[in-house]
Amino acid sequence: MATRNSGTFRRAARAFALMAGLACLHPAPAAAAAPDLSIPIPAGETRLADLGLYRVGWQSYGRPTAWMPLSWTGHFDPATGVSYAPWGRVQGRDAFLMHSPWRVPPGKTWAEYLLVLPRATPLRLDFSIAMGSDVASPDKSDGVTFSCSLAVDGREIELMRQHQDKAEWRDYSFNLAAHAGKTARLRLQVEPGPRNNASFDYSFFGDARITAGAPGRAGETVDALVASRAIRATADADRRRLSNTSTNGVAPSNLLPCVNAIEPAGAAWRFSSEGADCRVVYAYTPATGTLDDFTVQVDDGRPFLPAHGGGLTALLAAGASGTGPEANPRETFLTGGRLVEARLEGGHLRVRWEYPAGERSLRVDWTFGVAGKALLVSARCDDLRITRFSLGEAVAPLRRSLRVPYLVGNLHYLP
């Protein structure tokens, strides 16, 4: 929500909550460190669409490889045309779309997942491939070449390569038992058909999943959740505390009493919530001027990113970056720059950040706090060049994306 008043651009306080307590999640580390993209595969069936740590790459033939932002999801990227997006039900199966580049010279698009495979049998990878029913015709797409490979023990194994030009599911199943207990990089890829034309190449992977262990093993996960500290602590709690009130505004409610604190920790700051159900700690390390500077940890679990890609966008002249005419402004995501000031005041951390923006730098006053299990984020700037404010999204090894009608974007459930 934004209003303009007396030449001042205001951003209302925004909040998001980590609803901690069912289970600890595994990594995605601090913004300053190289991200750990490994995903321990649990017992039972895991959908590839629920793997929240991955990299999407693309390449025009004969040109350098390029990578999209961490855990990127999108359809027809404005610069390249590539897609990697959940697509709901396609011909009776849960599907995600992958599209090769078409706004640049033709080439390939792929998604890579770093899997920590359990010592379990059976251990299988299953998926299907198909073209979209509205594009699988000679006057539109000439089909897509699908491929899948596994890199393990220093060598790459191509599991399949198939040209598909029909709106019919073709099924594949691979036994991964020989790689149990190892870390493997799985790569799914699409590229154009024989005419090297990516037009109408709506290519789908359907019901993609990894199955680890016998079906009964999944019950062990449920048993662990039911026996967890959070479930035991909340079993007899009064649920009326979950109702939001006017006193907490947009901050999510919190079921159990907790103690909140903000304290310095070397070059970082810790925002903590300690309750009978769990301990949640948000760590803020000022480095980029974006919400990528936050990580969060539940109890003793490994940290992950609660607001990846969050921050401010401004309309800046092209010349602000040193190239192009000043008369051609464009939207630019604000990153870099320098920390001007950070101080504790009134139970909040006040941060002033200065961003490079041509001859006239852009200063933003951030306010960070913690209430219940929620991290509170507010940004204020007197410069009308600011156009957008985003809280980003949670990036964790396992996340299920849920699209809610009339809500822009997805909600992510972190199991």
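This is a predicted model: local features need pLDDT of at least 70, side-chain atom pairs count only at pLDDT 80 or more; totals for chains, interfaces and linings use all residues.
Q: What holds strands of a sheet together in general?
A: Strands pair through backbone hydrogen bonds, and they can do that either parallel or antiparallel.

Q: Back to this model: how many bridges are there between strand 17 and strand 18?
A: Eight bridges, with strand 18 covering residues 268-275. If you want a spot to look at, find Asn260, which sits opposite Ser273 in strand 18.

Q: Okay, new topic: strand 10. How many of its residues are buried?
A: Eight of the ten, so strand 10 (residues 107-116) is mostly covered, given that buried means under 20% relative accessible area.

Q: Which way do strand 4 and strand 10 run, parallel or antiparallel?
A: Parallel, and three bridges join them. Strand 4 is residues 38-40.

Q: What about strand 6 and strand 10?
A: Strand 6, residues 55-60, pairs with strand 10 in the antiparallel sense, over six bridges. There you can find Gln59 opposite Lys108 of strand 10.

Q: And how many bridges join strand 10 to strand 15?
A: Eight, and these two run antiparallel. Strand 15 spans residues 183-192. Val116 has Thr183 in strand 15 as its bridge partner.

Q: Let me pick on one residue in strand 4, Ser38. Is Ser38 buried or exposed?
A: Ser38 is buried, because its relative accessible area is 11%, and the cut-off for buried is under 20%.

Q: What does the side chain of Ser38 make a polar contact with?
A: With the side chain of Asp36, at 2.7 Å.

Q: What lines the largest cavity?
A: Among the lining residues are Leu48, Tyr54, Tyr84, Phe96 and Arg399. By class, the lining has eight nonpolar, two polar and one charged.

Q: Which strand gives the largest share of that lining?
A: Strand 8, residues 83-90, with three residues.

Q: And what lines the second largest cavity?
A: The lining includes Tyr284, Asp293, Trp353, Trp366 and Phe368. That lining divides into seven nonpolar, two polar and one charged.

Q: Which strands supply at least two residues each to it?
A: Strand 25 (348-355) and strand 26 (362-371). Strand 25 gives the most, three residues.

Q: Last topic, the backbone. What kind of peptide bond joins Thr121 and Pro122?
A: A cis peptide bond, with omega at about -5 degrees. To find Pro122, look in the loop between strand 10 and strand 11 (123-131).

Q: What is phi of Gln91?
A: Phi of Gln91 is near 50 degrees, which is a positive value in a residue other than glycine. Gln91 is in the loop between strand 8 and strand 9 (93-99). Gln91 is partly exposed, since its relative accessible area is 36%.

Q: What about phi of Asp207, and where is that residue?
A: Phi of Asp207 is near 45 degrees, again a positive value in a residue other than glycine. Asp207 is in strand 16, residues 203-212. With a relative accessible area of 28%, Asp207 is partly exposed.

Notes. Residues are numbered from 1 along each chain as its sequence is written. Side-chain values use heavy atoms; hydrogens and water are left out. Two strands pair if DSSP finds at least two bridges between them. Helices (H or I, at least four residues) and strands (E, at least two) are DSSP runs, numbered from the N terminus. On a 1 Å grid over the protein atoms alone, a cavity is a set of points where a 1.4 Å probe fits but cannot get out, and a pocket is an open set with protein on both sides within 12 Å along at least five of seven lines; lining residues have an atom within 4 Å of a point. Ala, Val, Leu, Ile, Met, Phe, Trp, Tyr, Cys and Pro count as nonpolar, Asp, Glu, Lys and Arg as charged, and the others, Gly among them, as polar. Buried means under 20% relative accessible area, exposed over 50%, partly exposed in between (1.4 Å probe, protein chains only). A polar contact is a pair of N or O atoms within 3.5 Å; within protein, one must be able to donate a hydrogen and the other to accept it, and residues adjacent in sequence count only if both atoms are side-chain atoms.
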